[in-house]
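Please find below my comments on the model you sent. They are set out as numbered points.

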Amino acid sequence: VKHGPVVLSIRAPRGAQLLQADDLSPLHSLPTPYERGSRDIISPALIPTDNMKNRTTQLIWQTFYCTLALVAIIGSVGFYDMKFTGDFYIYFTNISNYLAAGIMFAELIQTARKRGDSFVTVAPRLRFISMLGLVLTFLVFNLLLAGDPARDPALNYKVECLLCHIVLPVMYVIDWLMCYEHGRVRWTWPLLSALYPVVYLVYVFAHAALWRFDSSIMNYAGT
């Protein structure tokens, strides 16, 4: 018995369209699993933006900052040296850190009151100005003052000095980068930030004029 070739006939459902060989060519252009993975790694969609708005993370971060700022503020008035520093209000470092601590405390209150996850929105323009003030504090101290031969090196390792000049400025910049929504900074904000040191100089000279330019009121041994 001879058997001929078996021919299978598949009937397509009514309304279905048959694919031609050319119609399958786009399938060859699909990325392989490795290619898809490599593209996903650099995809902006995988950046954890939700973590920047996480309420619990913000509460922990802001509470930690405010705690360290309180330690620094107490030290800036001479508490840890068991003596009151009467010129604490003159230093640019102290003024900048006081301002930043106040803003961060306002952030903490806002975060504690809100229910869901969102970016921080407390006074973004003032926040930007205060941040540049702390950046200036960080740069001037670490590049100029810390290695000054006239300065006692032991002062660089005091708690309030480390916090005000290094730890808190770095944390403040991280807070701006992580917790605030970007793309809203206006071109006038850097110009306003430049006025901050100018206003401080006016304040210093006005204070010196009131004290008849008596340099003894400035205690260089401070922070």
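The points below go from the overall fold to single residues.

1. This is a predicted model, and the comments should be read on that basis. The protein chain has eight helices and zero strands. Read from the N terminus, the order of elements is α-α-α-α-α-α-α-α.

2. Of the 223 residues in the protein chain, 30% are buried. The chain exposes about 15400 Å², with carbon and sulfur atoms supplying 68% of that area. When contacts between residues at least 6 apart in sequence are taken, 78% of them join residues at least 24 apart.

3. Helix α8 covers residues 188–210. The buried residues of α8 are Trp-189, Ser-193, Tyr-196, Tyr-200, His-207 and Ala-208. The elements that cover them include α5 (92–113), α6 (124–145) and α7 (159–179).

4. The same check on α5 gives agreement as well: 22 residues should span 32 Å, and the end C-alpha atoms are 32 Å apart. The buried residues of α5 include Phe-92, Asn-94, Asn-97, Ala-101, Met-104, Glu-107 and Leu-108. The buried residues of α5 pack against α4 (55–76), α6, α7 and α8.

5. An α-helix has 3.6 residues a turn, so residues three or four places apart point the same way.

6. How many aromatic pairs does a search of the whole structure find? The count is 10. One of them is the stacked pair of Trp-176 and Tyr-180, with ring centres 5.0 Å apart and 25° between the planes. It counts as stacked because the angle is under 30 degrees. Trp-176 is buried at 7% relative accessibility, and Tyr-180 is buried at 2%.

7. Phe-92, Tyr-196, Tyr-200 and Tyr-203 are linked by ring pairs into a cluster. Elsewhere, Arg-127 lies over the face of Tyr-172, at 3.5 Å from the ring centre.

8. Which cysteine sulfur is closest to that of Cys-164, and is the distance within or beyond bonding range? The closest is in Cys-161, at 7.8 Å, which is too far for a bond. A disulfide is a covalent bond between the sulfur atoms of two cysteines. The cut-off applied is 2.5 Å between the sulfur atoms, and the count of disulfides by this rule is zero. Cys-164 is buried, at 3% relative accessibility. Cys-179 is buried too, with a relative accessible area of 6%.

9. Two backbone angles deserve a look. Met-82 is not a glycine, yet its phi is positive, near 60°. Met-82 lies in the loop between α4 and α5 and is exposed, with a relative accessible area of 75%.

10. Ala-123 also has a positive phi, of about 35°, without being a glycine. Ala-123 is placed in the loop between α5 and α6. At 36% relative accessibility, Ala-123 counts as partly exposed.

Conventions: Residues numbered from 1 in each chain as written. Predicted model: local features only at pLDDT ≥ 70, side-chain atom pairs only at ≥ 80, totals over all residues. Heavy atoms only, no water. Phe/Tyr/Trp six-rings, centres within 6.5 Å; stacked < 30°, edge-to-face > 60°. Buried < 20%, exposed > 50% of the residue type's maximum accessible area, 1.4 Å probe, protein only. Lys NZ or Arg CZ within 6 Å of the ring centre and 35° of its normal. Helix = DSSP H or I, 4+ residues; strand = E, 2+ residues; numbered from the N terminus. Contact = heavy atoms within 4.5 Å. Areas by Shrake-Rupley, 256 points an atom, 1.4 Å probe, with all protein chains shown as cover. Expected span 1.5 Å × (residues − 1).
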